[in-house]
Amino acid sequence: MSHLNVIVSAIADVAEGIRHFTLVDAAGRELPGFSGGSHVVVSMRAGARTYRNAYSLLSPPSDRSNYQIAVRLQENSRGGSRFMHEQVQVGTALEIAWPVNLFAISRVGRKHILVAGGIGITPFMSQAHDLLRTGANFELHYAFRSPRHAAFVDELRRLLGPRLKCYDQSQGQLLDPAALLSHQPLGTHVYVCGPGGMVDAVLDTAARLGWPDAHVHHEEFLAPPVGEPFAIRLAQSQRVVEVGAEESMLEAMEAAGVDVPYLCRGGACGRCELEVLATDGVLEHHDHYLSEDERRAGNKIMPCVSRAKCTFIELNL
Amino acid sequence: MQHGYWIRSKPVYTSLAWQYRAQAHMVLAHGEAGRAVLRLYQQRLPEQPVSVLYLVGDEEADYTASLRALAGDCLLTFTKQEALWAAFNAALASACMGTRLYAAGNEAFLWQVSTLAASHGVLHADIMREQPASLARPVYCVHCKTITPHVTTNIAVCSGCQRHLFVRDHFSRRLGAYMGLMVDAEAPGEVPAAEEIYP
Ligand code: FES
């Protein structure tokens, strides 16, 4: 996978625990264009380990002089967000993958309802610019814990005016998905990004009200959970890769120099799917890509977030 | 002979069934396909409001009376296509997300429903469609661009240019019709006997 070399040109704290980074091309060139909703995967070399996390691009897609990302310090960070908060300074060189869009706005939609919770605002920043540019009919509903947690709210107010609706939970303002989704005109699409509970509430409500699946979009990249160590046997190359308790299968294989494709690293896109040939334990699927039937069949795994409770797992790789 | 072939562009239809997770239901049917709506009414009725828009067919069976008995005031009948499309257009304009759409009729009717609905942002896949027993095809003449409705044979005369057309399995979603190609282009006048294969 080809990478872009960038340098951090500015850092700002934009809300409690949320830090904003501006990235420019290391050689001073224009960065590749992207569309609203795209993300980049940032590689972070922390000692012997490399973390790779996906972050949404916040900047207007028309501006190719820099990329902007926002990183929330995760309480149980395995290292990625902590590295970004504690190690990265203005001038730090980083490696990022080309932008990928797994959360694009529907071209045929008549109206677009964007629903953000907390740091879930990030993919909507670039989308809002795209939607304004095309003159689309849209609204952004933004829920946050308190004004101190409301990243980019002033900028969004300036940009969107009455199209922005805020829900300040510290003031008891709650976003009610049923109220939001029950009176939308035909041809509306809804997009949600935020904490799992909020995403589920919007998806469940849309389904209950009879919204067809193709009108409901969500972006929820999961962090790989920790577990027990085990070994991966690679059938084709006859190699063995040890997976540590705090590492994902994907990270372990990358560290061993095995090339495994990925796009989201969060169990959403399906790009990293691998075939399981054998295991002496049980697969622990954490993605939301595989269907129930595929899980039951037990011969596929998404190594970016899933693992196994076993001593070994054999992959067709 | 292409009879019995399946190729990707040939649309696949199901039989209508209520989608119980909904806010409202809108059913459209034409002529003979009124039967599909009668069958729909044999299933457990949904709790949400239902409206049925029925276009009475010309020579085909007229199910108005049986539909009236089942759907009562929810039924609107039309004898003119234009009136039906105008009513459907108005209904789409005021409908909410969660209004489930069902359509039953010949292919030309179904694709007109889809096209009009698409102008309101409804995706093809959002509409449940059923084709009645007749397999008759609308055929698009690739030479003069006329669409000849209700073709039941594998070779048919184009209603525009009078050429003999071979009716292919290639269906254009944009046109809502099957492609028809001149059959005697190589050897003019040599037209094989037509067979009724889309009864
Ligand atoms: S990389 Fe997207 S599911 Fe694994």
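Two strands count as paired if DSSP finds at least two bridges between them. By that rule, strand E15 of chain A, residues 274-279, pairs with strand E19 of chain A, residues 312-315, through 3 bridges, and the two run antiparallel. Within this pairing, Ala278(A) stands opposite Glu314(A) of E19(A). The model described here is a predicted one.

E15(A) also pairs with strand E17 of chain A, residues 300-301; here 2 bridges join the antiparallel strands. Leu274(A) has Ile301(A) in E17(A) as its bridge partner.

Side chains of opposite charge can pair when their charged atoms come close. Asp154(A) and Arg157(A) form a salt bridge through their side chains, with 3.9 Å from N to O. The cut-off for a salt bridge is 4 Å between the nitrogen and the carboxyl oxygen, so this pair qualifies. Both residues belong to helix H3 of chain A (residues 153-160), where they are 3 residues apart, about one turn of the helix. Over all chains, the structure holds 19 salt bridges.

In chain B, an open sheet is built from 5 strands in the order E3-E2-E1-E4-E5, with parallel pairing. Strands E3 (75-78) and E5 (127-130) of chain B are at the edges; each has a single partner strand, so one side of each has no neighbour in the sheet. From one strand to the next, the twist averages 15°.

Inside that order, strand E1 of chain B (residues 24-30) runs parallel to strand E4 of chain B (residues 99-104), and 6 bridges join them. One of the residues involved is Ala29(B), whose bridge partner in E4(B) is Ala104(B). In a regular strand, side chains alternate between the two faces of the sheet. Helix H4 of chain B (residues 107-118) lies across E1, E2 (50-55), E4 and E5 of that chain. Relative to E5(B), helix H4(B) runs at about 170°.

The remaining topic is how the two chains meet. Contact involves 18 residues of chain A and 17 residues of chain B. About 1500 Å² is buried between chain A and chain B, and carbon and sulfur atoms give 59% of that area. On the side of chain A that touches chain B, the residues divide into 9 nonpolar, 7 polar and 2 charged.

Methods
Residues numbered from 1 in each chain as written. Chains lettered and ligands numbered in written order. Predicted model: local features only at pLDDT ≥ 70, side-chain atom pairs only at ≥ 80, totals over all residues. Heavy atoms only, no water. Helix = DSSP H or I, 4+ residues; strand = E, 2+ residues; numbered from the N terminus. Axes fitted to C-alpha atoms, helices over the stretch in contact; angles between N-to-C directions. Contact = heavy atoms within 4.5 Å. Buried area = accessible area lost by both parts, 1.4 Å probe. Nonpolar A, V, L, I, M, F, W, Y, C, P; charged D, E, K, R; others polar.
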